[in-house]
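Please look at the sequence and the model below, and then read the notes that follow it with the structure in view.

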Amino acid sequence: MAALRLASFTLRPAAAAASASSGVTPAVPRSASFARPARGLPSLRLAPPRRRGDLTRPRAAEAAAESYATALSEVAVENGTLEQTVSDLEKLEKIFADETVAEFFDNPTVPREEKTQLIDEIAKSYELQPHVVNFLNVVVDNFRATIVPQIVAEFENVYNSLTGTEVATVTSVVQLESQDLAQIAQHVQKMTGAKNVRLKTQLDPELIAGFTVQYGRDGSSLIDMSVRKQIEEIASEFELPDVPLEV
């Protein structure tokens, strides 16, 4: 599966940047502070840890991810780093797309020192902010690395709500030029009325040519401008059988 890449620009009105760092703070459930914050970094207030087996239930994993995301968003709003934090989490999303990473961190037989070393390497290589590094340490300490992708998704929902942002995923055969992505972002902004638009891009050679744009809650809306879609429509119109194409 191709990894998502955040486009290098975000459409927003001039006043939007100020709104992202406003005093609006998302509600955080009553919780206990962790007794051992990572190496003096800012602590996160989260719900008391559940047993590892609890996360095998989808609802429990979803609730845990929401709790982590809400607490992290509170920290980001308080220190005015909401934009940088969502960027850091997108980096972690790519890293944890490899399931072996989460398996390593959640393996109780792996010494904590080895996990700490890898976290330090990730933090240095990806230039993560201190509170994001602390967040990652808390996740690892509680054996919840497998839900990092869900935490990222929940955090993006909070971010989008706070900043009036619409996220759209653009899929194409080759990487589109910046001006093409700008036009797509403007079109999505016009259709949705969003204050801001953030684009994620991914490649899919099966489209043959053209591109698709998914947006809305859970990608429920789709703009399909791919050649593959055109061929399917033509085949359907003439009741032709599907013809396999070599890319």
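This is a predicted model: local features need pLDDT of at least 70, side-chain atom pairs count only at pLDDT 80 or more; totals for chains, interfaces and linings use all residues.

Leaving aside residues up to four places away in sequence, Val 167 touches Asn 160, Arg 198, Lys 200, Gln 214, Tyr 215 and Gly 216.

A separation can also be given for Val 167 and Asn 196, which are 29 residues apart along the chain and whose C-alpha atoms are separated by 8.5 Å.

## The protein as a whole

How many helices and strands does the protein have? There are nine helices and seven strands, and of the 247 residues of the protein, 40% count as buried. The accessible surface comes to about 13,800 Å², and carbon and sulfur atoms account for 53% of this surface.

Contacts can be sorted by how far apart the two partners lie in the sequence. Among contacts between residues at least 6 apart in sequence, 73% join residues that are at least 24 apart.

## Helix 2 against helix 3

Helix 2, made of residues 58-78, packs with helix 3, made of residues 82-95, at an angle of about 140°, and the axes of the two helices are 8 Å apart. Angles over 145 degrees would count as roughly antiparallel and those from 65 to 115 as roughly perpendicular, and helix 2 and helix 3 are therefore oblique to each other.

Which residues meet where these two helices pack? From helix 2 come Leu 72, Ala 76 and Val 77, and they meet Leu 82, Thr 85 and Leu 89 in helix 3. Sorted by class, this contact of helix 2 with helix 3 has five nonpolar residues, one polar residue and no charged residues.

Lys 94 is also found in helix 3, and with a relative accessibility of 43% it counts as partly exposed. Lys 94 and Pro 149 are 55 residues apart in sequence, while their C-alpha atoms are 8.8 Å apart in space.

## The loop between helix 6 and helix 7

Asn 142 is found in the loop between helix 6 and helix 7, and its relative accessible area of 14% makes it a buried residue. What does the side chain of Asn 142 reach? It reaches the backbone oxygen of Val 138, at 2.9 Å.

Phe 143 lies in the loop between helix 6, residues 130-141, and helix 7, residues 148-163. Is Phe 143 buried or partly exposed? Its relative accessibility is 26%, and so Phe 143 counts as partly exposed.

Most residues other than glycine have a negative phi. Phe 143, although it is not a glycine, has a positive phi of about 55°. Ile 208 is not a glycine either, and its phi is positive at about 75°.

Where is Ile 208 placed? Ile 208 has its place in the loop between strand 5, residues 196-203, and strand 6, residues 211-215. With a relative accessibility of 33%, Ile 208 counts as partly exposed. Ile 208 and Val 227 are 19 residues apart in sequence, and the distance between them in space, from C-alpha to C-alpha, is 5.9 Å.

Key:
Residues are numbered from 1 along each chain as its sequence is written. Side-chain values use heavy atoms; hydrogens and water are left out. Helices (H or I, at least four residues) and strands (E, at least two) are DSSP runs, numbered from the N terminus. Buried means under 20% relative accessible area, exposed over 50%, partly exposed in between (1.4 Å probe, protein chains only). Contact means heavy atoms within 4.5 Å. Accessible areas come from the Shrake-Rupley method with a 1.4 Å probe; for residues, only the protein chains shown count as cover. Axes are lines fitted to C-alpha atoms, for helices over the stretch in contact, and angles run from 0 to 180 degrees between N-to-C directions. Angles under 35 degrees count as roughly parallel, over 145 as roughly antiparallel, 65 to 115 as roughly perpendicular and the rest as oblique. Ala, Val, Leu, Ile, Met, Phe, Trp, Tyr, Cys and Pro count as nonpolar, Asp, Glu, Lys and Arg as charged, and the others, Gly among them, as polar. A polar contact is a pair of N or O atoms within 3.5 Å; within protein, one must be able to donate a hydrogen and the other to accept it, and residues adjacent in sequence count only if both atoms are side-chain atoms.
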